Amino acid sequence: MLNRLSRRTFAKLFSSAALAPSALYSTESAAAGFASALPAAHSFPKGFLWGSATAAYQVEGAVKEDGRGPSIWDTFSHTPGKTNMGDTGDVADDHYHLYKSDIQLMKEMGLKTYRFSVSWTRVFPSGTGSPNPRGLDFYNRLVDELLANNITPYCTLFHWDLPQTLEDKGGWQSRDTSEAFASYAGYVAERLSDRVKHFMTLNEMRSFVDLGYGRGIHAPGLELAPAALNQVRHHAVLAHGLGVQAIRAHAKAEVKVGLAENPEACAPIIENAEHIAAASKAFREENAGYLTVVMEGRYTDAYLEHHGANAPKFTAAEMKAIGTPVDFVGLNIYTATWVRADSTPKGYAIIPAPKSYPHMMSPWLTVGPQALYWTPKFTADLWKVKELYITENGASSADVMTPDGQVYDSDRVMYLRNYLTQLHRGVSEGVPVKGYFCWSFMDNYEWADGYAYRFGLHYVDFKTQKRTPKMSAHFYKEVIARNGLA
Ligand code: GBH
């Protein structure tokens, strides 16, 4: 009989020996072979939803096909100097044409669910007005193909590709955009809700607002003054709230509605009562303009005080809409923000990363697995959320294809193993995370970083569109087959 410790060691040794791609990526081995019989010391609840995610502009390509209108990302990426090497999403992964074979790869991995986003300008080429049925048809085909392969679709309505026509009328600086988003979201829900049961309004308000309207490094490339930026932020959360209401009003069947936000993932530097309390407070305050206002339906006093004359202008009706209860919260988590207790009235301080802090290929992607424990936990505890998803988590690596045709991304495997272990820690304590979506299913258009930064579980040769499962794909397939990890 092996004791617990040596059983774990045994499992670890054994799983690394079994990781030869040929052995694992054949259909029989992981699911039916002895690999799945290995003890999974960190096993997840039955029915845990293992998935992967992408976004329309990052994978689809076909930007001029079937009546699609231009979005701010078409404009921005075609503006010289805005993206790495001038890369655009014109072709990207050509997923618009290759979705069927991509879904076969998903099936081969054992994915239970897939999170995609709808391109607003395929459905409404100029943002509002008459819908373009050929645009929506792509999502009908995609959803049908997923369901035919037993993969549950999770649908995001907005992943940053705002119709250019709306940007020309003020974009997110205009309240009309919030209303336009709600109409579009309601329309898509009406058409897809017979088959799609989970909708997310906006992806990462914090990213597209701060990067696109504050720092100018994402589309539409603006650097607004604080008051205008706060108003953009307000229109984003308002769009979310109005979107939740519109989706519910127009859905033809019962659906669940949430969002996918990337809150500042505050985590205690030392896990004792003092620092945990500080991190929880930091989590609520640092996200006051985004997740907190959505969950509470009001801006925190500290937020309003901090912004003073630049605080957003709002009505009581808007605040009520923003706080419309959601059915679930999706969290995109990549890095941790380390917090310590502090003796100032604020009570906490964020610890800046020392130069030596480890990160993945993207310099911003510092490694902090504990974020996958603390962020869901704080979200559930602060706001009594009953259903959570990790709607994104993943990493960029300097992937190279070796002469044997494989990509041995050991750093991504290590990253995922460490993060999933922390996710398991929360789930086993009862934090209600129901599913996990790895970002991303395949290498794709990494916004201003272009194609140089790879986040995929599948390596994509952008010249031939050939997909190759990386070592991390074999690892993830094993996690799914075992419903856990050693
Ligand atoms: C997610 O954002 C996005 O939802 C997804 O589309 C994207 O592909 C994925 O992550 C990987 O990046 O330019 O140094 O100032 C994650 C959060 C926040 C990461 C902003 C990049 C910009 C860093 N993002 N951040 S920097």
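## Around the ligand

Let's start with Trp439: one of its polar side-chain atoms sits 3.1 Å from an oxygen atom of the ligand. Keep in mind that this is a predicted model. Asn203 also puts a polar side-chain atom 3.1 Å from a ligand oxygen. For Gln58, an N or O atom in the side chain is 2.8 Å from an oxygen atom of the ligand.

How many residues surround the ligand? There are 17, and the closest are Gln58, Glu204, Arg215, Glu446 and Trp447.

## Two helices that pack together

Two packed helices are described by the angle between their axes and the distance between those axes. Here, helix H12 (residues 226-250) packs against helix H14 (residues 288-296) at about 35°, and their axes are 10 Å apart. The crossing is right-handed.

So who meets whom? On the H12 side you'll find Arg233, Val237 and His240, and they meet Gly289, Tyr290, Val293 and Val294 of H14. Sorted by class, this contact has four nonpolar residues, two polar ones and one charged one.

## A tucked-away tryptophan

Now look at Trp383, which belongs to helix H17 (residues 371-383). Is Trp383 buried or exposed? Trp383 counts as buried because its relative accessible area is 12%, and the cut-off for buried is under 20%.

Leaving out residues up to four places away in sequence, Trp383 touches Phe283, Arg284, Leu291, Thr292, Met295 and Glu296.

Definitions and conventions:
Residues are numbered from 1 along each chain as its sequence is written. This is a predicted model: local features need pLDDT of at least 70, side-chain atom pairs count only at pLDDT 80 or more; totals for chains, interfaces and linings use all residues. Side-chain values use heavy atoms; hydrogens and water are left out. Helices (H or I, at least four residues) and strands (E, at least two) are DSSP runs, numbered from the N terminus. Buried means under 20% relative accessible area, exposed over 50%, partly exposed in between (1.4 Å probe, protein chains only). Contact means heavy atoms within 4.5 Å. Axes are lines fitted to C-alpha atoms, for helices over the stretch in contact, and angles run from 0 to 180 degrees between N-to-C directions. A crossing is left-handed if the near helix is turned anticlockwise from the far one by less than a right angle, and right-handed if clockwise. Ala, Val, Leu, Ile, Met, Phe, Trp, Tyr, Cys and Pro count as nonpolar, Asp, Glu, Lys and Arg as charged, and the others, Gly among them, as polar. A residue is near a molecule or strand if one of its heavy atoms lies within 4 Å of it. A polar contact is a pair of N or O atoms within 3.5 Å; within protein, one must be able to donate a hydrogen and the other to accept it, and residues adjacent in sequence count only if both atoms are side-chain atoms.
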